[in-house]
Amino acid sequence: MNVLLIAVGGFFGAIARYSISLCFKKVYPTTFPLATLTVNLLGAFLLGILVGSGMASSAYSLLGTGFMGAFTTFSTFKLENIQLREGKNHSTLISYLLVTYTIGISAAFLGIHLGSSL
């Protein structure tokens with residue numbers, strides 16, 4: 001049953017990520033990977049809420065592992081880092097790394113705190 005919940009959550013998480021990425025790229029055309037940054041920061045915050053809430057295992061399988069696992073994208077983040085480095089966009093690369101890690105971890109902690117108070 002958990003495998004099915006993860007698959008369903010992953011299906012919707014991937015569609016949500018793709019939709020948000022398309023929208024951001026259309027509205028904010030930039031060389032900065034804003035779409036991936038937004039998805040990953042939002043994902044860190046939402047996953048923090050799920051973890052902090054202490055939800056049931058089956059709900060976590062659907063939302064945490066399935067949806068959030070497919071919604072956030074570590075592989076795209078790493079690929080964009082490599083592309084920025086190869087394109088010699090060092091200031092953008094450093095900014096992207098710093099913002100992703102510092103705000104991402106902070107967003108996850110904030111989400112956990114908020115989730116535990118729900």
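Modeller: Helices (H or I, at least four residues) and strands (E, at least two) are DSSP runs, numbered from the N terminus. This is a predicted model, in which local features need pLDDT of at least 70 and side-chain atom pairs count only at pLDDT 80 or more, while totals for chains, interfaces and linings use all residues. Residues are numbered from 1 along each chain as its sequence is written, and side-chain values use heavy atoms, with hydrogens and water left out.

Colleague: Where is K88 placed, and what is its phi?

Modeller: Most residues other than glycine have a negative phi. K88 lies in the loop between α4 and α5, and its phi is positive, near 60°.

Colleague: Is K88 buried or exposed?

Modeller: Buried means under 20% relative accessible area, exposed over 50%, and partly exposed in between (1.4 Å probe, protein chains only). K88 counts as exposed because its relative accessibility is 64%. L63, in helix α3 (residues 57-71), is partly exposed, since its relative accessible area is 34%.

Colleague: What is the volume of the largest pocket, and which residues are the closest to its centre?

Modeller: On a 1 Å grid over the protein atoms alone, a pocket is an open set of points where a 1.4 Å probe fits, with protein on both sides within 12 Å along at least five of seven lines; lining residues have an atom within 4 Å of a point. Grid points are joined across faces, edges and corners, and a volume is the space filled by probe spheres set on the points. The largest pocket has a volume of about 290 Å³. Its lining has 15 residues, and N40, A44, F74, T100 and G104 are the closest to its centre. Two or more lining residues come from each of α2 (34-53), α4 (74-86) and α5 (90-116).

Colleague: How does the second largest pocket read?

Modeller: The second largest pocket holds about 200 Å³ of space. Of its 14 lining residues, T30, T31, F32, P33 and L34 lie nearest the centre. The elements α1, α2 and α4 each give two or more residues to this lining.
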